[in-house]
Amino acid sequence: MRLITVSINRLSLMCGITQSTLNNIINGHNHSTTVSTTQEICDGLDITIQDFFDDDLFKEIEQELKQP
C-alpha cells in the first residue's frame with residue numbers, strides 16, 4: 001500500500017466534508033463520528049471502509065474498550 005500525505009483542505013475537497021468537521025475529527029474534538037461520515041472520507045480517498053479500519057490503531061482501541 002502506498003502512503004500519501006493530504007492536507008485537510010484537500011481532503012475536504014476530495015470527500016465533500018467541511019474542513020472544520022475534518023479538523024474536529026483529526027484533532028480529537030469529535031468523539032462520535034458517524035459511519036456515514038467515515039464512508040464519505042473513504043470514498044474521497046478511494047478506499048473501502050474495511051481498508052480504513054484495517055489498522056493496528058483500531059485493534060488497540062478495541063482492546064481499550066474491552067478493559068473493565
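Tutor: This is a predicted model. We can begin with the second largest pocket, which is lined by 14 residues.

Student: Which residues lie nearest the centre of the second largest pocket?

Tutor: The pocket has a volume of about 270 Å³. Helix 2 (19-26), helix 3 (35-45), helix 4 (49-53) and helix 5 (56-66) each supply at least two residues of its lining. Of the 14 lining residues, those nearest the centre are Ile25, Thr38, Ile41, Phe52 and Phe58.

Student: How many residues of that lining are nonpolar, polar and charged?

Tutor: The lining of the second largest pocket contains no charged residues. The others divide into 3 polar and 11 nonpolar.

Student: Why do the buried residues of helix 3 line one face of the helix?

Tutor: The buried residues in helix 3 are Thr37, Thr38, Ile41, Cys42 and Gly44. They line one face because, seen down the helix axis, they fall within an arc of 160°. These buried residues pack against helix 1 (8-15), helix 2 and helix 4. The face turned away from the buried side carries the exposed residues Val35 and Asp43.

Student: Does Asp46 count as buried or exposed?

Tutor: Asp46 follows helix 3 and has a positive phi, near 60°. Asp46 is found in the loop between helix 3 and helix 4. The cut-off for exposed is over 50% relative accessible area. Asp46 has 71% relative accessibility, so it counts as exposed.

Student: What distance separates the C-alpha atoms of Asp46 and Cys15?

Tutor: Asp46 and Cys15 are 31 residues apart along the chain. Their C-alpha atoms are separated by 9.6 Å.

Methods. Residues numbered from 1 in each chain as written. Predicted model: local features only at pLDDT ≥ 70, side-chain atom pairs only at ≥ 80, totals over all residues. Heavy atoms only, no water. 1 Å grid on protein atoms, 1.4 Å probe; cavity = no way out; pocket = protein on both sides within 12 Å on 5 of 7 lines; lining within 4 Å. Points joined across faces, edges and corners; volume = space filled by probe spheres on them. Helix = DSSP H or I, 4+ residues; strand = E, 2+ residues; numbered from the N terminus. Nonpolar A, V, L, I, M, F, W, Y, C, P; charged D, E, K, R; others polar. Buried < 20%, exposed > 50% of the residue type's maximum accessible area, 1.4 Å probe, protein only. Arc of directions from axis to C-beta. Contact = heavy atoms within 4.5 Å.
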